[in-house]
Amino acid sequence: MNALAGTSRNFRLASRLLGLDSKLEKSLLIPFREIKVECTIPKDDGTLVSYVGFRIQHDNARGPMKGGIRYHPEVDPDEVNALAQLMTWKTAVADIPYGGAKGGIGCSPRDLSKSELERLTRVFTQKIHDLIGIHTDVPAPDMGTNAQTMAWILDEYSKFHGHSPAVVTGKPIDLGGSLGREAATGRGVVYATEALLAEYWKAVKGLTFIIQGFGNVGSWVARLIHERGGKVIAVSDVTGAVKNQNGIDIPQLLKHKETTGSLTGFSGGDSLDPSELLVHECDVLVPCALGGVLNRLI
């Protein structure tokens, strides 16, 4: 089952439990607008390359649509549609006056230079600038994007509409960003973990954790669990995996990742086959990478 089918199935189940009218249920599953654009840029070597970008604007009944933009090779319309739909439900459940949207470009950011990423981001913004805005649709960072990406979007959008810092969230502090935004998603994961453990009369301290994904979310989860006395015994990302049954020194691993760009070669642990990470014994497994990684019982 793909992401859209799974998300729609869950919504239909919730709709029936709530007793929603069938017409309302159907209308809430149909996105407000689907945008697909071709983004052609010159690479650093002078060749041209084209990427497909998407922005799905799901619902604006409660306010401007809101949602991240991700850069990843597996970005496709169904995934973006599902994530946009989930943003609608999340903002509504949290009673935040926004709707839901999501965007993405099918690319591998690790294979692009910083200048190529900037050109790609600016071309994407040029293609959608008339369809986003502070009262329409407010993008944010997601997988493969960050505060720098948002700064490029802000700058390119402002060329057409004047200086508009509120057109994106997750931008650098110097451009009007929010303190704590970088850690927010990872901190939310830790809060949710603590709430779950509390139901079983447990706490983070002293438990063993495995974290799949060591990007923005996973690295902050690891840092915060380490600070709370939890023992992170294994982590992985696209570059590899590392384990240490006595607990990984997370500050040192963060320095190693920042210096080398990879988890491999870290002296404070042993290498681990990433495919074994999800079944490695631990107290708490925290998936912080792509969705759909947990799909069956073994």
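This is a predicted model: local features need pLDDT of at least 70, side-chain atom pairs count only at pLDDT 80 or more; totals for chains, interfaces and linings use all residues.
Residues are numbered from 1 along each chain as its sequence is written, and side-chain values use heavy atoms, without hydrogens or water. Local features need pLDDT of at least 70 and side-chain atom pairs pLDDT 80 or more, while totals for chains, interfaces and linings use all residues.

The protein chain is assigned domain 1 (31–179) and domain 2 (183–287), with bounds from an automatic or database domain assignment. Their centres, taken over C-alpha atoms, are 28 Å apart.

Helix α3 covers residues 77–93; helices (H or I, at least four residues) and strands (E, at least two) are DSSP runs numbered from the N terminus. Asp76 caps its N-terminal end, with a side-chain oxygen 2.9 Å from the backbone nitrogen of Asp78. Just after α3, Asp95 takes a positive phi of about 60 degrees. The buried residues of α3 include Val80, Leu83, Met87 and Trp89, where buried means under 20% relative accessible area with a 1.4 Å probe, protein chains only. The buried residues of α3 pack against α1, α2 and the strands β1, β2, β3 and β4.

An open sheet of 5 strands runs in the order β9-β8-β7-β6-β10, with mixed pairing; strands pair if DSSP finds at least two bridges between them. β9 (270–271) and β10 (284–287) are at the edges with a single partner strand each, so one side of each has no neighbour in the sheet. Helix α7 (residues 216–227) packs on the sheet, touching β6, β7 and β10, with contact meaning heavy atoms within 4.5 Å. β6 (residues 208–212) and β7 (residues 231–237) pair in the parallel sense over 5 bridges, and Ile211 has Val235 in β7 as its bridge partner.

Note on methods: Axes are lines fitted to C-alpha atoms, for helices over the stretch in contact, and angles run from 0 to 180 degrees between N-to-C directions. The expected span of a helix is 1.5 Å times one less than its number of residues. Buried means under 20% relative accessible area, exposed over 50%, partly exposed in between (1.4 Å probe, protein chains only). A polar contact is a pair of N or O atoms within 3.5 Å; within protein, one must be able to donate a hydrogen and the other to accept it, and residues adjacent in sequence count only if both atoms are side-chain atoms.
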